[in-house]
Each structure stands twice: as structure tokens, then as C-alpha cells.
Amino acid sequence: MNNLEHQLLLQTLALPTAPFREDHVKAHAAAFLQRHAIPWFEDPVGNIVIGCTDARGYRALLRAPTREPVRLFVAHMDHPGYHGVRWLDEHRLLARWHGGSPVKRLRGADVWLADRQREIGRGRIAKATLAEHGHAMDSLEIILPRGSFDQQRRPAAGRVFGGFLFRSALWTQGPRIYTRAADDLAGVFCILATARHWWRQGAGRSRAPFVGLLTRGEEVGFVGALGHLELGWLAAARRPLCAISLEASRTLPGAVLGKGPVLRQGDRRTVFYNTYLQLLTRVAQKALPGGFQKRVMDGGTCEGTATTAYDIPTIGLSVPLGNYHNEGFEGGPDCRAPRAPAPECIHLDDVAGELRICKALLAPGLPWDQAWTPVREQLRKRLRQYRKYL
Ligand SMILES: [Zn+2]
């Protein structure tokens, strides 16, 4: 990872975001893409599509007469968080939680507040109610310090959103990065950095096989991705597609922090497309020998389920994530108790490895359709060797 990429990573991971309140991430992405003259546009449901200047160009890219698959990198811009519902009195905000959350020691936990333009303050949870299933918060009451707003400037409750507050939006400890929201801002970073890499290397040489899709509202069921898939643009593609879900996913045995990115074979719902997974393994062996992990990341579902459900061949890459959805599974700094609010944690090497694989997946002429051929050759050799015993 070069210096510019490292800076971009830290900037991206420090952004405030929540489901359907991705404005800060969008503005950051737009500014970066603009600065590096990378084409992009916003689709009708507010996702960011990188690689084309408009819907027409996107559809033309998908119709291009070539066997080279479009690599559709997908990451989501949101993270579990709350929306303000109404002011209960001058200093108390009733809010609704969207997405996963910690379930212990919620009362007394600090939260940040933002509107679509800026971060506007902090508060403390006075009361939290869990959803019926018991795995996440449903609603919460937030107390703000006196003098947070004078009466006129207090924003309408519906404009306020936020999430858990820790000592800082982001800090590092050696190679570990602690942040409010690594899921999925790490994925957003990877797409931005991969786009920049491609446009520096490949712009003008040929039509990019790259599309980046930065989505909204993933944490409540990949709603932005579904909105995009329902447009029908991808269904009308005339060339092969490969969706690549980029996620920060809960650490599991065999998917541990610091051992490299995970070649994601599937999620909790489904396995992914085996031919392209085979190719992914070959690409990773070359780009990152011995530096990756591989497993079905069944700690949660991801947008790979959505693309698979819409018949798009899908693979995935995950950065192992400590304290998934700010729930203190692994504990560590700023975590008060097991399963209490905690900063998410990722490892710099895992992100750097993921970025390297993303770049390698863009190489022209990879044997997408023949990914099994070398394996078959090996198996045939064995057959030849033992045929005499048959
Ligand atoms: Zn995620």
C-alpha cells in the first residue's frame, strides 16, 4: 500500500455513516473520484457507480462484444446506526436503531450525532430497548449535554443520525486500526483505491472491465444493492459478469485478524460461483503467496447473496473484523464488557492484501472460463498413473 492509499484508508475509515445516511461517504468518494478524473455517476436509488460517466455508458459497457467479464466490485457505504425520531424534551432524543448492534451495557454508552453536513455533537444512551429477536437494539433514548444546541439551532430530529462513540473516530495501535465503522468502509476504500490504480494504469488503453458499486442500506438487508439489481441493467448484460463482494466480516476460526484477506467462498446464506472461486484462488496464490485465508464466511450474509440471487456469478473477499457491528466479541480498548459497545478492529496487512488481490483480478486475459483446467490436468495425471489397477 503506498502513501496515498494509506491516507485514503484512514480518511475513509473515519467517516460518519449509518443506513440510508451515507452522505458523508458519498461526498468523500465523489471528491476523490473527481480529483483523480475517474468517471462515476449516481444510480436512481443513490448508489455510486464507478467506471462510467452515466447510465448509458454503463449499459454500453455491459453490452460490449467481449468474453472478458466485467468485474463488478461491490461494497456498502453504511454501517449500523440510529436515526433520530423525535425530541422528547430539550435534551432527550428518541431514536430508532437500524442494523446489528451490541446488546450489553448499552445504558451509559456514548454516541455521536451527525446531520447530512457535519458531525454535530455527542450524547449518552439513557435507555435502550432490544428488538424482539434479542440480537440488536430497536430503539434508544439519547441524553445530550446541556447547552448542546440553543433552541433555534437544534436540528429536526429526523435529520439527526449517529452511532457509538469511542475515544476517537479512528486510531491505530501498531498494525491494528480501531474505528467506529470498518464494515464496510474498508471495502469502500478498496474500491476507490482499485479504481485509481486502474485509471492510472489502464485508462485509454481499453475499455475498463472494472465497475465499482458503492451501495446504501446494506445493514438492513442489502437494500441499495437490490435497488440497483432491480434496474435490470445487469440482467441485460451481453458479456460475462463477475460480482466481487468486498466486506469486513466477523472473525471466525480460519479467518483471523492479521493472517491476510479471506477468499470468501460464501456467506451464511449460500456458497458462491465455484469456477470463479477457483480463479480467485489462482490469482491470490500469485499475487499474495501464503498471505491469504480461505473459507465460507458464515457469520453473516452479504451482498454476494443478492448478486447470486439475481444469477450473477459471484465471489467475495473479506477483511477479518474484530468486534463485528461494534459488539465486543473480542473486547480490547474502549470495550467495557463482553458484547458491550466496542470499536471495530481490522489489521492493516489484511486490507493491503485485499487491495493487492483486487488489482490482480483486473489483469486482462485471466482464464475465467478455464479456471478448472489445471486441476483437471492434475486429476487426469492421477488417472493415467493408476489406470493399470482399474
Ligand atoms: Zn458489511
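This is a predicted model: local features need pLDDT of at least 70, side-chain atom pairs count only at pLDDT 80 or more; totals for chains, interfaces and linings use all residues.
# Chatting through a fold

Me: Which residues of α8 are buried?
Reply: In α8, they are D350, V351, A352, G353, E354, L355, R356, I357 and C358. A residue is called buried if 20 or more other C-beta atoms lie within 10 Å of its own, exposed if 12 or fewer do, and partly exposed in between, with C-beta atoms placed from the backbone.

Me: OK, back to α8. How many residues does it have, and what span does it reach?
Reply: Helix α8 covers residues 348–360, which is 13 residues, and reaches 19 Å from its first C-alpha to its last. That is close to the 18 Å expected at 1.5 Å a residue; the expected span is 1.5 Å times one less than the number of residues. Helices (H or I, at least four residues) and strands (E, at least two) are DSSP runs, numbered from the N terminus.

Me: What do the buried residues of α8 pack against?
Reply: They pack against α1 (3–13), β3, α4 (185–201), α6 (274–287), β16 and β17 (344–347). Two residues are in contact if their C-beta atoms lie within 7 Å.

Me: You mentioned β17. Which sheet is it in?
Reply: β17 belongs to an open sheet of three strands, ordered β10-β11-β17, with antiparallel pairing.

Me: How many bridges join β11 to β17?
Reply: Four, and β11 (residues 176–179) runs antiparallel to β17. In one of the pairs, T179 is opposite E344 of β17. Two strands pair if DSSP finds at least two bridges between them.

Me: New topic: why is β13 called largely enclosed?
Reply: Nine of the 10 residues of β13 (residues 241–250) are buried, so the rest of the structure largely encloses that strand.

Me: Which strands does β13 pair with?
Reply: β3 (residues 70–76) is parallel to β13 and joined to it by five bridges, with R71 opposite C242. β16 (residues 314–321) also pairs with β13 in the parallel sense, over eight bridges. There, I244 has I315 of β16 as its bridge partner.

Me: And β12, is that strand covered on one face or both?
Reply: Both. On one side F210, G212 and L214 are buried, and on the other V211, L213 and T215 are too. Six of the six residues of β12 (residues 210–215) are buried, so this strand is largely enclosed as well.

Me: What are the partners of β12?
Reply: β2 (residues 48–50) runs antiparallel to β12 with three bridges, and I50 is opposite G212. β3 runs parallel to β12 with six bridges, and A75 is opposite L214.

Me: Last one: where is D267, and what does it touch?
Reply: D267 is in the loop between β14 (262–266) and α6. It has 25 C-beta neighbours inside 10 Å, so D267 counts as buried. Leaving out residues up to four places away in sequence, D267 touches M297, D298, G300, T301, C302, G304 and T305. D267 and T305 are 38 residues apart along the chain, while their C-alpha atoms are separated by 7.3 Å.

Notes
Residues are numbered from 1 along each chain as its sequence is written.
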